[in-house]
Amino acid sequence: PTVVGLRTWARGVPASKEAKPIQMGLRTWARGVLARKAASKEVTPIGVGGTIPDVEVLEVLPDGSSRTVPTSALFSGKHVLVGLPGAFTPTCSDAHVPGFVKALPAFASLSTNVTFVTSNDRYVLAAWRESLAACTGANVAGVCMLSDADSEFSLALGLVDDFGPELGVRTARFALYIEDSIVRYAAVDEGTVALDATSAESVLKAIAPNSQRSGGMAMPRSPTLRSPGP
């Protein structure tokens, strides 16, 4: 709580020119402590029944611009939030994102939006969107991409991982099915290569077929947090 409070203060309190370096240093230190705790599993990740934390993130728009939005405004209705370790990384670019893009009509038939979040800045995400469109030939303009460059949102979810010297501490590979900011299904794949519980196919199976229906929408019978091995 002390570290979280200090980081919040360092983000929100206006600082003089002289005090700003100290404020930024405290923010960076607090972020590092929280990241290490989350990556070492000292922080419990959000699970079924949890509420999406209200954090400001950057939404990267199709034209490359961005806007700051509170997560409380993003997750009303039905959503799948997909966490990605990094733009342009092999599994994310070759399988994870293309799988969800291909499955967008299936999610749309369930009135479910798909949102991606990763610990990259908005410029990288804008370039990645263009690259994905060029390489896959798919229309990714309608895909919501969130830049969580300082991992604040991922840390608040407790869903960061330490990928070693290659990538460092950043957003984990995860998938959350959310209804009105409440998590109804959660899955995690460890590492940068494994893609199983968080794939589009796995998420669709969890939220649609062979399940109890409520209001016409398929819901998993007993959703749990799945953490497959590497």
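Modeller: Quick definition before we start: the expected span of a helix is 1.5 Å times one less than its number of residues. Keep in mind that this is a predicted model.

Colleague: OK, so how many Å does helix α4 reach from its first C-alpha to its last?

Modeller: Helix α4 runs over residues 90–102, which makes 13 residues. At 1.5 Å a residue you'd expect 18 Å. The reach in the model is close to that, at 17 Å.

Colleague: And where does α4 bend?

Modeller: Look for the proline, Pro98. Pro98 follows within four residues of the bend, which is about 25 degrees. The bend sits at His96.

Colleague: Is Phe100 buried or exposed?

Modeller: Phe100 is in helix α4. Buried means under 20% relative accessible area. Phe100 has a relative accessible area of 0%, so Phe100 is buried.

Colleague: What kind of aromatic pair do Phe100 and Phe116 make?

Modeller: A pair of aromatic rings is described by the distance of the centres and the angle of the planes. Here the centres are 6.1 Å apart and the planes stand at 85 degrees. Planes over 60 degrees apart count as edge-to-face. So the Phe100 and Phe116 pair is edge-to-face.

Key: Residues numbered from 1 in each chain as written. Predicted model: local features only at pLDDT ≥ 70, side-chain atom pairs only at ≥ 80, totals over all residues. Heavy atoms only, no water. Helix = DSSP H or I, 4+ residues; strand = E, 2+ residues; numbered from the N terminus. Bend = angle between axes of the 7 residues up to and from the residue. Phe/Tyr/Trp six-rings, centres within 6.5 Å; stacked < 30°, edge-to-face > 60°. Buried < 20%, exposed > 50% of the residue type's maximum accessible area, 1.4 Å probe, protein only.
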